[in-house]
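Biologist: I would like to learn how to read a structure. Could you walk me through some features?

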Amino acid sequence: MYSAPDLTAQPAAGQPPHRVPEIASLGLDTLVTEVAERLQSAAAVTERMQRLLEAVVSVGAGLDLHATLHRIAAAAAELVDAKYAALGVISPHGDGLSDFIHIGIDDETADEIGQLPTGRGILGALIERPEPLRLADLATDPRSVGFPPHHPPMTSFLGEPIRVRGEVFGNLYLTEKRSGSGVFTPEDAQVLNALAAAAGVAIENARLYEEGRRRERWIAGAAAVSTALLSTDEAEVALTVAAEQVRELADGALGMILLPTGDGQMRVAHASGEAAEFVRGELLPQGSFASRLMAGSGVYLDDMSTDPDVEIRLARNFGASMAVPMIAAGRVLGGLCVWRSVDAPPFTETEKQLAQTFASQSALALRLAEGQRDQQRLAVFQDRDRIARDLHDLVIQRLFATGMMLEGAARRAVVPEVRTGIGKAVDELDATIQEVRTTIYALQHDESGDEPDNLRTRVLREAGQAAAALGFKPSVTFTGPVESLVGEQTGRQLLAALREMLSNAARHARASRVGAEIDATVHLDADGHPVSGAPGSLDLAGRPGVLLTVTDDGVGIPHGGRRSGLKNLTRRAENLDGAAWHEPGPHGKGTRVRWSARL
């Protein structure tokens, strides 16, 4: 066993006496000081780790990307005790910064500085070589390009890249160390490196959240367009909704719906946003991206304002462009097009994919809506065809029979007044038969715009447009196949004459009834007037012609009044070997204006 030493024992013979060492000679005060310093250092490290942990927790506290970036920059400044901090987001092409968030510079100073950094000088060096960078003095580095006017002075610098999924998302920039020697230490760099790793995770979470929200908005927008297309008979309204939706969803300045013209080109049918009123109805020029859209390919441009191949009017006032075809059942039904402002970023791959999905869903809904409207239109046409057959087979036949009965009664009538009255009744029956025939034709031909644009439909369109000025819709009757007998040149002059007659009636006649009749079965004499007589006894010397008659029950043409309108009619008729004249209306009331032209 070991025994304690005997401090009172006497030294051996020939040896000096034993002395107890003094405490000061042991250096305990130095040891105590060193231990205290190490304990303080350990406490400081523990405090810094605690602050780093708190910073990591605060960085990942939210899912809004911009707010997350701001929290990262603020946490970095606090951890390394920097006066200024910034976070620059690298552009998709890696040639600069697309976003720049700064801490420590107030808004007034930022306004005086002006444009935010775009990635030159030291900032650009960190973009080109994404590695930690620590400098004692920015001004002494050869890569420095200096500061713009009103920029606060900055000396020390610490930079750290932020990586997301192995790719550099942006960089952290810290300047002006407050404590110590004013220079960032290696320990500061280590702490910032740890924060950058946590920041990468937080940024990825925020980006995934925003992407999910963006997809949700695109899906909701496609559902809104589908609902509009399927719930309304007006495709124009639904496609306008689609233009508004695609502009808002893609953060664009102008959204457009392009529809084929039938000859391989495309026209801007609907537009929403800046300059929409100027591009609406515009035909895309030859050689533009219309041919690629019609072939089923999307077209994406980073900046139309600088692209030499862009030939679209007003395109120089916009930046990024995206055009996606709307394809259903292998057929291109149209295209979605979005233009962004000049200073906006290009479209990302995610946005392009979402736009393609949106276009496919819109095309499918448009296809379903077309089928639904075709079924409804078919049901209407079948009903109208049945009504037209009933009018032709029943009503007209009975009117003919009634007219023949009246003519027989007129021949047997003894009293002249009775014979005259029966003759007027027969004339009214003839007019009624003509109106019924016109109604039958209108029932058998669609006037919604799908019918070919022939003379008959254009005449009816002119009559419909005159209704606003007259206060009522004039009646129109046709005799003979006017759309096949009247040529294009004569038809244009006839429409102009009809427009002039209806306009004069609206301005001067004060009529309650106006009727227009176009007869393509007449024969004209040398003066342009119709040859009288029954069809079987027409003068063979007369040439076939067309006769336009407009009759009103108004106040008539006063003696000595202006005749400028009638002169215009006469000039048009004489150019076509015809004539124009006027006479009192039936029973001396109103006015009957006639215009003729040879065929």
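Modeller: Here is a short tour, with the reminder that this is a predicted model.

Biologist: Why is S1 said to be largely enclosed by the rest of the structure?

Modeller: Strand S1 covers residues 82-90, and eight of its nine residues are buried, so the rest of the structure largely encloses it.

Biologist: Now to charges. How many salt bridges does a search of the whole structure find?

Modeller: The general idea is this. Side chains of opposite charge can pair when their charged atoms come close. The search finds 15 salt bridges in the whole structure. One of them joins aspartate 188 to lysine 177, with the closest N and O atoms 2.9 Å apart. Aspartate 188 lies in helix H5 (residues 186-231) and lysine 177 in strand S5, so this pair ties together parts that are 11 residues apart in sequence. Aspartate 188 and lysine 177 are both buried.

Biologist: Where do glutamate 351 and arginine 340 lie?

Modeller: These two side chains, glutamate 351 and arginine 340, meet in a salt bridge at 2.9 Å, N to O. Glutamate 351 is in helix H9 (residues 349-412), and arginine 340 is in the loop between strand S10 (331-339) and H9. Glutamate 351 counts as buried because its relative accessibility is 8%, under the 20% cut-off. Arginine 340, at 4%, counts as buried too.

Biologist: How many residues apart are arginine 386 and aspartate 383?

Modeller: They are three residues apart, about one turn of the helix, and both lie in helix H9. The side chains of arginine 386 and aspartate 383 form a salt bridge of 2.6 Å, N to O. Arginine 386 is partly exposed, with a relative accessible area of 38%, and aspartate 383 is partly exposed at 37%. Salt bridges can also form a network, as with Arg458, Glu488 and Arg492.

Biologist: Which residues gather in a patch of negative charge on the surface?

Modeller: That patch gathers Asp106, Asp107, Glu108, Asp111 and Glu112. Aspartate 111 sits in helix H3 (residues 107-113) and is exposed, with a relative accessible area of 62%. A nonpolar surface patch of about 270 Å² is made by Val414, Val415 and Val418. Valine 418 belongs to helix H10 (residues 416-444) and is partly exposed, at 41% relative accessibility.

Biologist: Finally, backbone angles. What is the phi of aspartate 81?

Modeller: As background, most residues other than glycine have a negative phi. Aspartate 81 has a positive phi of about 55°, although it is not a glycine. Aspartate 81 is in the loop between helix H2 (65-79) and S1. Histidine 150 also has a positive phi, near 70°. Histidine 150 is in the loop between strand S3 (133-135) and strand S4 (157-164), and counts as exposed at 52% relative accessibility.

How values were computed: Residues are numbered from 1 along each chain as its sequence is written. This is a predicted model: local features need pLDDT of at least 70, side-chain atom pairs count only at pLDDT 80 or more; totals for chains, interfaces and linings use all residues. Side-chain values use heavy atoms; hydrogens and water are left out. Patches are made of residues with over 30% relative accessible area and no salt bridge: like charges are joined within 9 Å, nonpolar side chains (Val, Leu, Ile, Met, Phe, Trp, Tyr) within 5 Å. Accessible areas come from the Shrake-Rupley method with a 1.4 Å probe; for residues, only the protein chains shown count as cover. A salt bridge is a side-chain nitrogen of Lys or Arg within 4 Å of a carboxyl oxygen of Asp or Glu. Lys and Arg count as positive and Asp and Glu as negative; His and the chain ends are not counted. The place of a charge is taken as NZ of Lys, CZ of Arg, CG of Asp or CD of Glu. Helices (H or I, at least four residues) and strands (E, at least two) are DSSP runs, numbered from the N terminus. Buried means under 20% relative accessible area, exposed over 50%, partly exposed in between (1.4 Å probe, protein chains only).
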